[in-house]
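Subject: Structure for your reading

Dear colleague,

Please find below the structure that I am handing over to you. I would be grateful if you kept it open while reading the notes that come after it.

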Amino acid sequence: MSTSRIGFVSLGCPKALVDSERILTKLRAEGYELSPTYRDADLVVVNTCGFIDAAVEESLDAIGEALRENGKVVVTGCLGAREDEIRARHPAVLKITGAHAYEEVVAAVHEHLPPAHDPYVDLVPPEGIKLTPRHYAYLKISEGCNHRCTFCIIPSLRGDLVSRPIGEVMNEAKRLVAAGVKELLVVSQDTSAYGVDRAYRTDFWNGRPLKTRFYDLARALGELDVWVRLHYVYPYPHVDEVIPLMAEGKILPYLDIPFQHASERILKLMKRPAATENVLARIRRWRDICPDLTLRSTFIVGFPGETEEDFEELLDFLDVAQLDRVGCFAYSPVQGAVANDLPDPVPEDVKQERLARFMEFQAHISADRLEARVGRRERVLIDEVVEEGAVGRCRADAPEIDGQVFIDGATHLKVGEWVEVEIEEADEHDMWAHLID
């Protein structure tokens, strides 16, 4: 009896990656094999991203490639909400579903590639199928978002906030840790809003009551004795509550907060929190409580109506805030976004010029902050061992988006191992270190 084989292309953010893992876990549990190539697959699933124009084009290209190389393609993910657009480019697609439509994807696979049931092979590990290395995993705690930022179409793609019960989340986290995961990366569209849709309902884990709430989740995850990293944190006032947990070493002293801009006028146009002075005061308080706190953020330049004065306000904010890790994007119109209808669009050449100035300005800040860590001892989690040595990350660095720590000559180390190092050198992104015996 031959086993059906599924190819899978996963695009977009870590939340989409978790969706891919859930679909693959379901398919694998039903006996489907996973194929790393188009040629050996009987059908290909493409999990798309539709957030910005570049991501849409990448998704459409990936669908086209899967059709050329295989011919049988099911499409899911955020771009699936724009079925007409996909059909116009790729009419041969078998089925199109929206984001986190796990059962619809599996049903489409069943329709075009029925499973061959075999109770002896329909087994998956308790933690499910993971697309990340064994030593770290994304833990998605909710779907959707209640905000209506004018540049964003996520609510129309993924709906309003729907939080998972805290007991369910903690059970998944415990299974991951038992399987060897040493770093949990907490993700959602709006992590700090966790539980608001459930009125912070009490659930149970390990025989004790826990509220479905941001702070309670962070505290409970901190009991698992692994790195816990918080991503996509909207700057609500109650975020202040988790800073002492970081200072106590319960969770990583790391916050990923997408501030998006610093001009109060632009923030209001974006429908984002517009109290820059309050934000700076909170950052100072956070660092007073937890001096080792790493702050990561993302920003948009060239938003409709942005003037040179607004942009200079943003640079001034960077200068005062002294953020550790920063990403920036030139504003790109997204189909369906309210911001597309705002007046005074910024010319493309001005957007790109501001983006370059922004990145150059922040590069000096990042370099200075990393230079201050030279001579310090750091705990590092090894991600890779190459011919020249080992490559890892310290607590200030999330995988894929932040910097790395290079340890020359340490080829004897193992992926997923924790080691102590002393930082010898740094640039604006990465650090170099030697092992401490």
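The notes below describe what was found, taken topic by topic. Please bear in mind throughout that this is a predicted model.

I begin with an open sheet, in which five strands are arranged in the order 2-1-3-4-5 with parallel pairing. Its edges are formed by strand 2 (33–35) and strand 5 (95–96), each of which pairs on one side only. Within this sheet, strand 1 (residues 5–10) and strand 3 (residues 43–48) run parallel and are joined by five bridges.

Five of its five residues are buried, so strand 6 is largely enclosed by the rest of the structure. Y136, Y138 and K140 point one way from this strand, while A137 and L139 point the other way, and all are buried. Strand 6 runs parallel to strand 9 (residues 183–187), and five bridges join the two. Y136, for its part, has E183 as its bridge partner in strand 9.

Salt bridges

How many salt bridges does a search of the whole structure find? The search gives 36. I describe some of them here.

The side chains of D160 and R148 form a salt bridge, with an N to O distance of 2.5 Å. D160 is in the loop between helix 5 (154–158) and strand 8 (162–163), whereas R148 is in the loop between strand 7 (142–143) and helix 5, so the pair ties together parts that are 12 residues apart in sequence. D160 has a relative accessibility of 41% and therefore counts as partly exposed. R148 is likewise partly exposed, at 46%.

Another salt bridge brings together the side chains of E306 and R354, at 2.9 Å from N to O. This pair links distant parts of the chain: E306 belongs to the loop between strand 14 (294–301) and helix 11 (308–321), R354 belongs to helix 12, and the two are 48 residues apart. Are these two residues buried or exposed? Both E306 and R354 are buried. They also take part in a network of salt bridges that links E306, E308, E312, E353, R354 and R357.

The side chains of R373 and E378 meet in a salt bridge as well, with 3.3 Å from N to O. R373 has a relative accessible area of 11% and is therefore buried. E378 also counts as buried, because its relative accessibility is 3%.

A contact across the sequence

D319 is a residue of helix 11. With a relative accessible area of 45%, D319 is partly exposed. D319 and F361 are 42 residues apart in sequence, yet their C-alpha atoms are 8.5 Å apart in space.

A patch of negative charge

Which residues gather in a patch of negative charge on the surface? They are D368, E371, E387, E388, D408, E424 and E425. Helix 12 (348–371) and strand 19 (418–426) are the elements that give two or more residues to this negative patch. D408, another member of the patch, lies in strand 18 (residues 405–408). D408 counts as exposed because its relative accessibility is 60%, and the cut-off for exposed is over 50%.

Two backbone angles to examine

Most residues other than glycine have a negative phi. Against that background, two residues may be worth a look.

D225 is not a glycine, although its phi is positive, at about 60°. D225 is placed in the loop between helix 7 (214–221) and strand 12 (227–230). Its relative accessibility is 68%, so D225 counts as exposed.

K271 also has a positive phi of about 60° without being a glycine. Where is K271 placed? K271 is in the loop between helix 9 (264–270) and helix 10 (276–289). With a relative accessible area of 55%, K271 is exposed.

Yours sincerely,
A colleague

Methods. Residues numbered from 1 in each chain as written. Predicted model: local features only at pLDDT ≥ 70, side-chain atom pairs only at ≥ 80, totals over all residues. Heavy atoms only, no water. Patch = residues over 30% accessible without salt bridge, like charges linked within 9 Å, V, L, I, M, F, W, Y side chains within 5 Å. Areas by Shrake-Rupley, 256 points an atom, 1.4 Å probe, with all protein chains shown as cover. Salt bridge = Lys/Arg side-chain N within 4 Å of Asp/Glu carboxyl O. Lys, Arg positive; Asp, Glu negative; His and termini not counted. Charge placed at Lys NZ, Arg CZ, Asp CG, Glu CD. Helix = DSSP H or I, 4+ residues; strand = E, 2+ residues; numbered from the N terminus. Buried < 20%, exposed > 50% of the residue type's maximum accessible area, 1.4 Å probe, protein only. Pairing = 2+ DSSP bridges.
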